[in-house]
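Please consult the sequence and structure shown here alongside the text.

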Amino acid sequence: MMSNHHGREFIGFTATSPPMFLPEFIWTYICCPKPRVDKLGRPREAPYGLRKIEASLIESGFKASIIDPDYVFKYLKKAKAVLIGHHDFFAYGPPSSEWWLITGKVPVNRRLFTKFMNKLSSYKKKYGFKILVGGPAAWQWQWESDKIDLWGVDTVVDGEADIAIKKLAQKILDSEPLPKYIYIGVYDSPKVNQIPVIKGASVNGLVEIMRGCPRGCSFCSVTLRPLRHIPLEVIEKEIEVNTASGVTSGIFHSEDVLLYGTSDVIPSEEPLRKLHEMSARHLKSIAWAHVSLAAVVVAERQGRILSKITDIIYSKLDQDYIGVEVGIESGSPKLAEKIMPGKSAPFPPSKYPEIVEEAFSIMHEHKIVPAATFILNMPGETPEDVVKTIELIERLRSYRSIIVPMIFVPLGRLKGARDVVAKVRITREHVEAMKAALDHSLIWSERIINEFYLKEREALALRLFLKYFMKIVRWKANSLYRSLEDFVEKEFVIAKL
Ligand code: SF4
């Protein structure tokens, strides 16, 4: 996680897969090169969540600093506590769990984290500092609770820790006992004015513009958080922190960037315009973390908001496309109604596939390049639902995009199998959906690289490498399709090691 992925957030997605067609050291260099650090081992850019925790502690008078994992050991003799954030400690999140299920190989993020923790716990026995873990993957510790004692983890913090971390830090300094587990729910989540401004640059200039999501999908934990909009002046301050460190690109983080500044699911032009005009005064380029497909359609149908915003981006910033992640999730209106009735709002779930198609067409026209995901094996899914998803993917063929399948992995200790935490049966329809997505993405990834990606001179080597890699994948496509066939009606398991 302590990498800027060559300044291309999207490359980071490959960092959890096993090395493909390449030795591991080249693969990890491509996916997650080591960060630039100063002589104290402080990375120039650090994950945004850690930056927030660091800022909370500094503002309350604690001496806190983010240190690259390679350098952290030299501080342990004097440190009172090591706080570790991660979005996928044990590789149970997507897409690590998919790689794990399909290849049977332990994902690289799990291997590296285990190695780090084994070493850290041996230092803890010597020096006695506290270990606190948290971040979006805090839930994973319930499936690996034995590791809490094994590694001497003192507290697992689950939820937004901007406020809670200060109380925990004070307890540590006062030598008071720490709780083993803290859950920060909706009512304890920080209010906008309690969220600190970062003190150092974030990876690839990511800045939060909103927290929470109003759509309420049943499979998503973000929906458990209250919706908050970060004021424009606070976003500007964080962008200035990034540019002061030489990070001149930005990523607006939100579950739905187009809903910035609005209290419902209808995009509003003014806050979006102000946000983008402000960013153009400071940055060379921006990306959006996520948008919902329904918001894309509403934004364009009502007052051509999307056209106006992309006009600002392409005329005032130094870029000719914008990247974003989107979640299709399913092409089945029936399944959408059951598990994500708010995803299509203000349109009814029965219209969801048409909304997805219209949104892709609008994004294509406005050079917004989506990396889209859909989810297989959702609770309540039928083969007919998956067929609807396949049909939708086929209808999206003419729109510039990458489409990636995710497999819903229901975690939980299985009866009679002490160490098996997940079991998934892959159906014929799942395999057909994966093939449709692979087909789509193979066609479009080469075109996207040719048209837009890594055009700067200093990125030439990476660009040539990616093109070469795509050629190998194309060349191997038939054997990839054949190996997908081997999955049909097979059961895959994730077993703890
Ligand atoms: S729209 Fe996205 S972020 Fe919001 S609840 Fe649904 S899946 Fe979660």
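## Nonpolar cores

The largest nonpolar core comprises 113 residues, and I209, A295, V296 and A359 have the most contacts inside it. A nonpolar core is a set of buried Ala, Val, Leu, Ile, Met, Phe, Trp, Tyr and Cys residues joined through C-beta atoms within 7 Å. Another core, of five residues, lies apart from the largest one and includes I198, A201, V241 and V247. A residue is buried if 20 or more other C-beta atoms lie within 10 Å of its own, exposed if 12 or fewer do, and partly exposed in between, with C-beta atoms placed from the backbone.

The model is predicted: local features need pLDDT of at least 70 and side-chain atom pairs count only at pLDDT 80 or more, whereas totals for chains, interfaces and linings use all residues. Residues are numbered from 1 along each chain as its sequence is written.

## Helices α9 and α12

Helix α9 (residues 293–301) and helix α12 (residues 352–365) have axes that come within 8 Å and cross at roughly 65°. Axes are lines fitted to C-alpha atoms, for helices over the stretch in contact, and angles run from 0 to 180 degrees between N-to-C directions. Helices (H or I, at least four residues) and strands (E, at least two) are DSSP runs, numbered from the N terminus.

On the α9 side the contact is made by L293, A294, V296, V297 and E300, and on the α12 side by I355, V356, E358, A359, I362 and M363. Two residues are in contact if their C-beta atoms, placed from the backbone, lie within 7 Å. Leaving aside neighbours within four places in sequence, A295 is in contact with D256, L258, L259, V265 and P267.

Strand β8 (residues 249–253) runs parallel to β9, and four bridges join them. S249 stands opposite S285 in β9.

In strand β12 (residues 402–407), five of the six residues are buried. Strand β11 (residues 368–376) pairs with β12 in the parallel sense over six bridges; two strands pair if DSSP finds at least two bridges between them. A371 stands opposite I402 in β12.

## The four-stranded sheet

An open sheet with parallel pairing is formed by four strands in the order β1-β2-β3-β4. Its edge strands, β1 (81–85) and β4 (181–183), each pair on one side only. The twist from one strand to the next averages 15°.
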